[in-house]
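Visitor: I have the sequence and the coordinates to hand. Could you walk me through them?

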Amino acid sequence: MTVNRNIYMSDELEAIYEQTVAFVANEVTPVGDAWEETGQVPREIYKRMGELGMFSLRVPERWGGLGLGPLASATFAEALGTSTFAGFEANILVHTDMALPHLLNAGSEAQLEHWLPSIQSGDTMMCIGVTEPDAGSDVAGLRTTAVPDGDGWRLNGTKTFITGAVYGDVIALAARTNPDDRYGISMFLVPTAAEGFEVARKLDKHGWRCSDTAELVLNDVWLPGDHLLGEVHRGFYAAMQNFQNERMVIVGMGIGAAQVAIDLTNAYTQQRKAFGSSLYDLGAIRQRMAMNQAQVDAARASMYHAAWLAEQGIDATKEMSGVKAFGAEVVNRVMYDCMQFHGGMGYMRESTIERMCRDARILPIGGGATEVMLEEVAKRSYVDI
Ligand SMILES: Cc1cc2nc3c(=O)[nH]c(=O)nc-3n(C[C@H](O)[C@H](O)[C@H](O)COP(=O)(O)OP(=O)(O)OC[C@H]3O[C@@H](n4cnc5c(N)ncnc54)[C@H](O)[C@@H]3O)c2cc1C
């Protein structure tokens, strides 16, 4: 089914959408099963995407990028979401839209000059390192420390659930620099090759199987002073700002996937004969799928609207949080119904919908759990009485 483009879509964004959908259809979907087995996305794919300019959408033109905004990220995420291999999509979006914004928004000229060429080519893959075993939703509770040491910093601590970090190259990592202030956190660029940096464990997951997820230990990692990103002690606020983009693309990839799931299910139920007709001709099925379509359309429209607000420089925290909460739940309801209407076949490992269902489950948890997102909406919804 063709998705009608929206009012925010320019010719340029439409071209990005079409190019990305074609790329994943040709180079990801046919081979993704093998990546799921190994738990790794091959480096060549990253390089290929880099060559095609897919890692340059948000990079300013003076650094060789396209200088586009949140609408481009939403478009890219939705298009990637059609691959049906959300683990692959997660690794890409962590690089382009969850980690890179920290560098783009806070990096010095020298840092941008040093890092951007290889990040855009796919030779350097980025990760975002915020979560710790004892600090997830409560980011300000993180315990990893960075203390001044010579003309640099000494880092110690543990991170967990870090996407892409088993095989990735550099992590935008949050560490406490002011022990007396709960929000005294700074962001650092931590190369995974740094001495004292260790992947303690490659984690085994319910879904996103081809995405590598790491538990990390930083044991006396020394970083030169120019690996501090942005202002010292201000990293918590930078991270909160950058989370808006992260939340948007998580929903974007889910919406792309949900649309594919609906299309697959409608096709399956149309050809599946039962009760003298097809499953799709049963009102219980076609009406539920029609409602699913309406909800995906609503989630998509609200995501692009929030992206547009952000693109205008308007604080869209309330809208983006609502989109994350609503969109992630919608995607999971859609996946549930799609598996249901595939019957027993939907429960089989060989069916696409089985993988998509597992992959979708992380969406209401990662990058801001639904309950946390709803708090963000609620605290901005007080009415003067
Ligand atoms: C596959 C995967 C990939 C990930 N990738 C990354 C990554 O690349 N980088 C990174 O830094 N992190 C990453 N994460 C971490 C992810 O963002 C966290 O798991 C998420 O923020 C939730 O934190 P937590 O797991 O510690 O859950 P907790 O904070 O312990 O929360 C558990 C549950 O309690 C509820 N809850 C929490 N707070 C509230 C509240 N205030 N009000 C009401 N209910 C609440 C929610 O239902 C939540 O799911 C990843 C996680 C997974 C599973």
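**Working chat**

Guide: F88 is buried, with 26 other C-beta atoms within 10 Å. Buried is defined by 20 or more other C-beta atoms within 10 Å of a residue's own, exposed by 12 or fewer, and partly exposed by a count in between, with C-beta atoms placed from the backbone. This is a predicted model: local features need pLDDT of at least 70, side-chain atom pairs count only at pLDDT 80 or more, and totals for chains, interfaces and linings use all residues. Residues are numbered from 1 along each chain as its sequence is written.

Visitor: Where is F88 found?

Guide: F88 is found in helix 5. Helices (H or I, at least four residues) and strands (E, at least two) are DSSP runs, numbered from the N terminus.

Visitor: And what does F88 touch, not counting residues up to four places away in sequence?

Guide: F88 touches V28, G32, W35, V41, S83 and C210, with residues up to four places away in sequence left out. Contact here has C-beta atoms, placed from the backbone, within 7 Å. As for I45, its C-alpha lies 9.9 Å from that of F88, and the two are 43 residues apart in sequence.

Visitor: What domains does the protein chain have?

Guide: The assignment gives domain 1 (11–124), domain 2 (128–232) and domain 3 (236–379). Such bounds come from an automatic or database domain assignment. The centres of domain 1 and domain 3, taken over C-alpha atoms, are separated by 21 Å. Their contact takes 22 residues from domain 1 and 23 residues from domain 3.

Visitor: Which elements give two or more residues to the domain 1 side?

Guide: Helix 4 (70–80) and helix 5 (86–106) do, on the side that touches domain 3. Helix 5 gives the largest share of that side, 10 residues. By residue type, the side divides into 11 nonpolar, 8 polar and 3 charged. Ala, Val, Leu, Ile, Met, Phe, Trp, Tyr, Cys and Pro count as nonpolar, Asp, Glu, Lys and Arg as charged, and the others, Gly among them, as polar.

Visitor: Switching to the ligand. Which residues come nearest?

Guide: T131, G136, S137, T163 and E371 come nearest, out of 22 residues around the ligand. A residue is near a molecule or strand if its C-beta atom, placed from the backbone, lies within 6 Å of it.

Visitor: Which elements and domains supply that shell?

Guide: Strand 1, strand 3 (152–163) and helix 11 (370–378) each supply at least two residues. Domain 2 and domain 3 each provide at least three residues of the shell. The shell residues divide into 11 nonpolar, 8 polar and 3 charged.

Visitor: What about the largest nonpolar core?

Guide: The largest nonpolar core has 115 residues, and those with the most contacts inside it are A172, F188, V190, A261, M303 and V331. A core of this kind is a set of buried Ala, Val, Leu, Ile, Met, Phe, Trp, Tyr and Cys residues joined through C-beta atoms within 7 Å. Helix 7 (residues 235–271) supplies the largest share of this core, 15 residues. A261 touches V334, M335, C338, I353 and M356, not counting residues up to four places away in sequence.

Visitor: Where is D134?

Guide: D134 is in the loop between strand 1 (126–129) and strand 2 (145–149). D134 is exposed, with 11 other C-beta atoms within 10 Å. D134 touches G141 and R143, not counting residues up to four places away in sequence.

Visitor: Last topic, the protein chain overall. How many helices and strands?

Guide: There are 11 helices and 10 strands. Of the 385 residues, 49% count as buried. Among contacts between residues at least 6 apart in sequence, 74% join residues at least 24 apart. The C-alpha atoms fill a box of roughly 80 × 60 × 40 Å, taken along the principal axes.

Terms used:
Contact = placed C-beta atoms within 7 Å.
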